[in-house]
Amino acid sequence: MAAAIEINFDGLVGPTHNYAGLSHGNIASMSHRGAVANPREAALQGLAKMKRLADLGLPQAVLPPHERPSIAALQALGFRGRNDAAILRAADRQAPALLAACSSASAMWVANAATVTPSADSADGRVHLTPANLVSKFHRAIEPPQTARTLRAIFRDASRFVVHEPVPGGQAFGDEGAANHTRFAPTHAQRGLHLFTYGHRAIDAAEALAQPRRFASRQALEASQAVARGHGLDAGVVVFARQHPTAIDAGVFHNDVIAVGNENVFLCHERTFVNPRAVFAELRRRYAALHRGRELTIIVVPETRVPLADAVRSYLFNSQLVTLAPGRMALIAPTACAEIPSVAAFLADLIARGRTPLHQVHHLDLRQSMHNGGGPACLRLRVVLTPAEQAALPPGVFLNATTYAVLADWVRNHYRDRLSPADLADPQLLLESRHALDELTQLLGLGSIYPFQTAGA
Ligand code: SUG
């Protein structure tokens, strides 16, 4: 029987993509506040990335955007009106910042949608998905209910998939999903070693932790532990490691801004963890124990080669590290990695030396998403599936040359090429978005997944 493979599910950028500066601690989002966005270009750039990976022979699928502006969230915040347009007007008049938060297209960064455990690793032999609670930012905290509905519509066969409830517990129990999780294995099909990174402890603060001074940590150790427990991961295959507060203060709001792993390779900056030596030793030891002495290749990028500020500006570590053939990997990097001298030189050197499985770098223009702090890796959720599990998904979610062309046309038909935060109160934008999403659920074969589709049903 064919082996399990990794499928990248990319988030389709939604029609309300804009720059409202909602993410304190995310330097790109903070510095582009108020800029005019181009949702059409953003969505086409995202689709072009998916197409590029598919053309490299990598299986690719899509996750749909969320309904925005979220009228349900505005109503929950107390805004009232005779109809949806009146609710938008009320929010715009009384609290435009809340309207912006309820309009964000942030669900596109699906590395934050959920944490995923393949069936090879879970106690019950099913694939486990836990939607991230995203409680640290209001505009993201409203995502989990739709994420759960979407995942349940796609991973609908309960004999093969479990879509859990998000981790409960409020602010202290922040969980940001796969952005703080890395799985290692000689091949995707084999049993994995799981690295969960966190910035703070929610309850057990006995060990005094030096906290970041400038920006808050988003991920709690207890939330990561709850996900690992709920997914039935054996304690021997899980490592919890603490993010360096200096990194968080430098703009590393998710660990995938400073580290990326794939199969037997881990590429990270030297300032990733509080106690890097202990973390690397633990990862090597457990990996060898799990895979009969096999070695994990850890590439640590020193501050002297790539300063932390350049790592954050370039999003080097938010590249996707993908396997093209056994032992041959490519880095799918943002174009900024070719433009920032320290990063360009580091990558050229790494490839030229040829001592690691990393053989190629592909630079992609994802500027629209990058200006909100979302690089190539933020835009995708990795899901390892066996052939039988793949066959249980709605076929419309997979991307090939035909579906790419259909989705690109869909974007061209429905998306605006200019959007500023001031446009979010336009009732026409809500109607356009709903119309687009209604058509999209038909294209993807998902049935009705949005509140506007099921209201009154
Ligand atoms: O949560 N940006 C997102 C970026 C998420 C990136 N994801 C990963 N690193 N995996 C965030 O900070 C900005 C939205 C705005 O400002 O309009 C935003 O939400």
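In which loop is Gln171 found? I looked up Gln171 and placed it in the loop between β5 (161–163) and β6 (181–184). I take helices (H or I, at least four residues) and strands (E, at least two) as DSSP runs, numbered from the N terminus.

**Basis of the entries**

I note that this is a predicted model, in which local features need pLDDT of at least 70 and side-chain atom pairs count only at pLDDT 80 or more, while totals for chains, interfaces and linings use all residues. Residues are numbered from 1 along each chain as its sequence is written, and side-chain values use heavy atoms, with hydrogens and water left out.

**Entry 1: Gln171**

I checked the exposure of Gln171 and found a relative accessible area of 56%, so Gln171 is exposed. Here buried means under 20% relative accessible area, exposed over 50%, and partly exposed in between (1.4 Å probe, protein chains only).

**Entry 2: the ligand site**

I next recorded distances to oxygen atoms of the ligand. A backbone N or O atom of Leu22 lies 2.7 Å from one. For Ser23, a polar side-chain atom lies 2.8 Å from a ligand oxygen, and for Arg218 a polar side-chain atom lies 2.9 Å from a ligand oxygen. The protein covers 100% of the 490 Å² of accessible area that the ligand has on its own. Accessible areas come from the Shrake-Rupley method with a 1.4 Å probe; for residues, only the protein chains shown count as cover.

I also looked up where the ligand sits, and it is in the second largest cavity. A cavity is a set of points, on a 1 Å grid over the protein atoms alone, where a 1.4 Å probe fits but cannot get out. A molecule sits in one if more than half of its atoms lie within 2 Å of its grid points.

I compared the length of α2 (residues 39–55) with expectation: its 17 residues reach 24 Å from first to last C-alpha, close to the 24 Å expected at 1.5 Å a residue. The expected span is 1.5 Å times one less than the number of residues. The buried residues of α2 include Pro39, Ala42, Ala43, Gly46, Lys49, Met50 and Leu53. An α-helix has 3.6 residues a turn, so residues three or four places apart point the same way.

Just after α2, Gly57 has a positive phi of about 90°. Leu58 is in the loop between α2 and β2 (60–63), and counts as buried because its relative accessibility is 12%. I found 8.0 Å between the C-alpha atoms of Leu58 and Asn8, which are 50 residues apart along the chain.

Glu6 lies in strand β1 (residues 5–11) and is buried at a relative accessible area of 12%. Its side chain makes a polar contact of 3.0 Å with the side chain of Arg382. A polar contact is a pair of N or O atoms within 3.5 Å; within protein, one must be able to donate a hydrogen and the other to accept it, and residues adjacent in sequence count only if both atoms are side-chain atoms.

Glu143 is in the loop between α6 (138–141) and α7 (144–154), and is buried at 2% relative accessibility. A polar contact of 2.7 Å joins its side chain to that of Ser106.

**Entry 3: backbone geometry**

Most residues other than glycine have a negative phi, and most peptide bonds are trans. I therefore recorded the exceptions below.

- Arg68 and Pro69 are joined by a cis peptide bond with omega of about -5°; Pro69 lies in the loop between β2 and α3 (71–76).
- Glu263, in the loop between β9 (259–262) and β10 (265–269), has a positive phi near 50° and is buried at 8% relative accessible area.
- Tyr315, in the loop between α11 (308–314) and β12 (320–325), has a positive phi of about 60° and is buried at 5% relative accessible area.

Conventions. On a 1 Å grid over the protein atoms alone, a cavity is a set of points where a 1.4 Å probe fits but cannot get out, and a pocket is an open set with protein on both sides within 12 Å along at least five of seven lines; lining residues have an atom within 4 Å of a point.
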